[in-house]
Amino acid sequence: MKQVVQNYKSGELSVLDVPVPGCKPGGVLVRTVYSLISTGTEMMKVSEAGMSMVGKARSRPDQVAKVMQSVATNGLPATYRKVMGKLDSYTPLGYSLCGVVEQAGAGIDDVKVGDLVACAGNEHALHAELNWVPRNLYTPVPDGLAPQHAAFGTVGSIALQGVRQGEPQLGEVALVIGLGLIGQLVVQLLTAAGVRVVGADPDPSRCELAEKLGAAACGDPGSAAVENAVAELTGGHGVDQVYLAAGGGSNQPVELAAHLARDRGRVVDIGKCKLDLPWNAYYEKELDVRFSRSYGPGRYDPEYELEGRDYPIGYVRWTERRNLACFIDLMARGRVDVGPLVSHVADFEDAVETYRRLKDGELKAVTALFRYPPAEPQAQAPTVAVPAVRRPAAQAAPARHGKAPVRLAFIGAGNYATSMLLPHLAQREGVALSTVVTTTALSAANAQRKFGFAQATTDLDSVLGDDAIDAVFVVTRHSSHAALTRKALLAGKTVFVEKPLALTEEELASVLATVEESGNDRLQVGFNRRFAPLLREARSHLGARTGPASLRYLVNAGRLQHGSWYLQQGTEGSRFEGEGGHFIDTASWLLGADPVSVYAVAPSGNEDLQIVLSYPDGSTAAISYVTSGAPGFPKETLDLLADGKVLKLDDFVRASVYGRKRWVSSRLPKARDKGQSNELASFVKAVRTGGPMPVPLESLVATTAATLAVQASLAGGAPVTLARSL
């Protein structure tokens, strides 16, 4: 399929061929009929992408702050690679469309294939021929409403949420500053609610349009016409509400709002404009300043948007989806007319040229739409009967012959895969990146372009059935790791799965059952720290030990940003279940054994964990996994004490060993090396030679079981014994 994308680093726009997104449970696959170009929000993003790096930084100081924090935590080289990787990637455009349901995922019963739906979301209602849209971001379109009008659903919801924040009442007077797309919709919504409206915009054509759509009077914000209209309609008292629907860097809108609002009036910010509030003017009138956040309650809440968890109507009357449905209904009943707002309709194949004309000012439009070609009829594929493969109880791993490259496939191409794994593999001699599989089309296309995959697809079965692929990397969300690992093992592939291997004891048992069933134990979990060069060097200087050891591991994990999928504990497990295997594996590798018991406690009211692991020889490892520490403090510090010696690791930057002689590493010249490169080299070697996997399966299982035991210990308030079953 085709999708409009932009490279944020270069600013280049293109219509790209990408794989069709998968239809996941809890949502629908929609074939786009019309998508709307937001000439405000989207063109601002397009313009930002064309700026220099300094210009981009000035326009997004919030992102600059995040980059500086990452430098403090991860170092400059790693941060640079991460930032440049994100900048030099395709990003999608679009967030409002109307289309036809082509496939309904599991759990969807409110629409069916062939239904027309309006869709919202800057990750789901994109300028693309097909989009996967979760339940709370679409609504059915009533019979009789044209699809090109239903494509206004998202921007209509933004305007509607802004009006709700203003709490208009019958007979009131409102001022709308900025008569672009959102402003024109606000005018109509207020008029439909029985409010008399005055509009302000420097463009005479927009003023004229707003008056045709119901405004009592409109004019240039710098002229006397607006002030006179307000005085006449309000008896000199000022307007009850002001809606800021303007953009740009001028402070005129907020100053005009203060001047024309009545005492204790309401000022609602909908657009992205300068808000340098004149204190005296706002104080003397005691103005109520309010913000309107996007489409309504539920926006930016992953449990609502992605998992389909609705808010009870008794507590949240107007959610994101209810606003969308309400606006669609208003259009269907003729209370809002978006027809006059459509300035231009372009064929989807002309998308790049349309953006250029809008950016250059050659095409002046309140709203532009993309019109998509109808779906081509699909020829039915021939059916071939494939006999079942019966595997022996055990099978040897074949070695690669001659100089044939090791062919790798990736399932998932998220941030970790593209920043920590693929850069190492793409540069490695004797490795061929064969296929990348994702459920979202654009991430596969980005990975294919940046790392040279031969193919990009959303069809997992075609990859697992490809005998030319030697090994499969599972780098998806945690909840899918065990199931995908089982499928790949059954397909006879060597598997590298990022941690965690499993989120429950049942999932872990199912993976082991698959190993037994298939005779395929060629499995590696991404516990990379045991491969870190600095830690391995320090361990060699520590030497063999004769007595029990005491290990202390402080992980300054920091707080997650709101909206991170790591917070989706209901489906993705706890944060420690996702990440904690790293630290347990490192401790066990340093101590040369697997733990026999786990005891975990968590202070009330925060996410900090204190975990004590016990080992067969009496050694202990205390892991402090904390989120409440200072962001500037190193993320990982470790001390191991045994036999009168001490090994100390400072965040993979510096290490030392104290004993009869003291050894201190030199500071690493480039970056923290947490072992990914060495880990991948060992894995590729095992695939190439057919030799043993880098980490024994028994150790991978023990680490996973110990990680899962942390939650069990927290729930029971007591140590958990790890019984050996292998």
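The tour goes from a sheet to a loop and then to a pair of helices.

Keep in mind that you're looking at a predicted model.

**Stop one: the sheet.** Select E1, E2 and E4: these three strands make an open, antiparallel sheet, ordered E2-E1-E4. Ignoring direction, neighbouring strands here are turned by 50 degrees against each other on average. Now zoom in on E1 (residues 2–7), which pairs with E2 over five bridges. Pick Gln3 and you'll find Leu16 of E2 standing opposite.

H14 (residues 351–360) touches E1 and E2, and its direction makes about 165 degrees with that of E2. H16 (residues 441–451) touches E1, E2 and E4, running at about 165 degrees to E4.

**Stop two: a loop glycine.** Jump to Gly40, in the loop between strand E3 (27–38) and helix H1 (41–49). Gly40 has 45% relative accessibility, so call it partly exposed. Then show Thr367: it sits 327 residues from Gly40 in sequence, yet their C-alphas are 9.2 Å apart.

**Stop three: two helices.** Select H23 (residues 581–591) and H25 (residues 697–716), whose axes are 9 Å apart and meet at an angle of about 125 degrees. That angle is why H23 counts as oblique to H25. The crossing is right-handed. For the contact itself, show Gly581, Ile584 and Asp585 from H23 against Ser699, Thr703, Ala706 and Thr707 from H25. Colour them by type and you get two nonpolar, four polar and one charged.

Note on methods
Residues numbered from 1 in each chain as written. Predicted model: local features only at pLDDT ≥ 70, side-chain atom pairs only at ≥ 80, totals over all residues. Heavy atoms only, no water. Axes fitted to C-alpha atoms, helices over the stretch in contact; angles between N-to-C directions. Helix = DSSP H or I, 4+ residues; strand = E, 2+ residues; numbered from the N terminus. Parallel < 35°, antiparallel > 145°, perpendicular 65-115°, else oblique. Left-handed = near helix turned anticlockwise from the far one by under 90°. Contact = heavy atoms within 4.5 Å. Nonpolar A, V, L, I, M, F, W, Y, C, P; charged D, E, K, R; others polar. Buried < 20%, exposed > 50% of the residue type's maximum accessible area, 1.4 Å probe, protein only. Pairing = 2+ DSSP bridges.
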